[in-house]
Amino acid sequence: MRIFRTAPWWCAALHVVAGIGAVTLLRGGSEAVPDVRERVAYMARYPERWRTGWILWMLAALTLLAFYAWWGDRIGNLWPVAIAAVGLACDWSGESIFIACVPRPDSRLYRTAALLTGGAGNGLYTIAAIALTRATHNLPWRPLAWCAWIAGIGLTVATILGNDGGVMITSALLMLTFIPWVVIAGRKMS
């Protein structure tokens, strides 16, 4: 199918768009703002920005699953895609909470949503990526891929520990390594 042939390009593009959305739409309510009162005020003032930012991440996650399916098909190993699909279910569950409820950053509901998306979802995506990486003998730019997966592990751990600074740093590192690697993989593995 054509969509799977172009999966790397859609994945890279949507992650760039979602990353821009994180900086422009989500930042005021995110861990980037240390004062919870300021975060709550931003989310109350701009709920449509908050929701739009999370919808962009949901779309990016869908393209990630398509990219993993494309990758798994290339190497004849699709079982990691099932792990990523469970990650997508967790990720979308957390993001749906962020969209539907716009929970206060100091609430249990916010923490649950963060654990679903940044902990379980990202963690399962990372496990799937590591499995695909280990199964790919001629993986282009393998060290860059491993940098992305290490950042993914860091993001999962930082989320579980509730370390806001760690979430910000590892999220940035993950996107800065993952997006270029997807483009390289798309070119070299096509």
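**View 1. Overall size of the chain.** For 190 residues, a compact globule would have a radius of gyration near 16 Å. The chain in this predicted model has 16 Å, which agrees with that expectation. Along the principal axes, its C-alpha atoms fill a box of roughly 50 × 30 × 25 Å.

**View 2. The helices of the chain.** Eight helices and zero strands make up the secondary structure. Followed along the sequence, the pattern reads α-α-α-α-α-α-α-α.

**View 3. Helices α4 and α5 side by side.** Helix α4 covers residues 47-75, and helix α5 covers residues 79-101. Their axes come within 10 Å and cross at roughly 175°. Angles over 145 degrees count as roughly antiparallel, and α4 and α5 are therefore roughly antiparallel to each other.

**View 4. The contact of α4 with α5.** From α4, the contact residues include Trp50, Trp54, Trp57, Met58, Leu62 and Tyr68. Arg51 of α4 also takes part. On the α5 side, among them are Val81, Leu88, Trp92, Phe98 and Ile99. Asp91, Glu95 and Ser96 of α5 belong to the contact too. By type, the contact residues divide into 18 nonpolar, one polar and three charged.

**View 5. Helix α6 from end to end.** This helix runs over residues 108-135, which makes 28 residues. At 1.5 Å a residue, α6 should span 40 Å. The C-alpha atoms at its ends lie 39 Å apart, so the span agrees.

**View 6. The kink in α6.** Helix α6 has a kink of about 30°. The kink is centred on Leu115.

Terms used:
Residues are numbered from 1 along each chain as its sequence is written. This is a predicted model: local features need pLDDT of at least 70, side-chain atom pairs count only at pLDDT 80 or more; totals for chains, interfaces and linings use all residues. Side-chain values use heavy atoms; hydrogens and water are left out. Axes are lines fitted to C-alpha atoms, for helices over the stretch in contact, and angles run from 0 to 180 degrees between N-to-C directions. Helices (H or I, at least four residues) and strands (E, at least two) are DSSP runs, numbered from the N terminus. Angles under 35 degrees count as roughly parallel, over 145 as roughly antiparallel, 65 to 115 as roughly perpendicular and the rest as oblique. Contact means heavy atoms within 4.5 Å. Ala, Val, Leu, Ile, Met, Phe, Trp, Tyr, Cys and Pro count as nonpolar, Asp, Glu, Lys and Arg as charged, and the others, Gly among them, as polar. The expected span of a helix is 1.5 Å times one less than its number of residues. The bend at a residue is the angle between axes fitted to the seven residues ending there and the seven starting there. The radius of gyration is taken over C-alpha atoms; the globule rule is 2.2 Å times the number of residues to the power 0.38.
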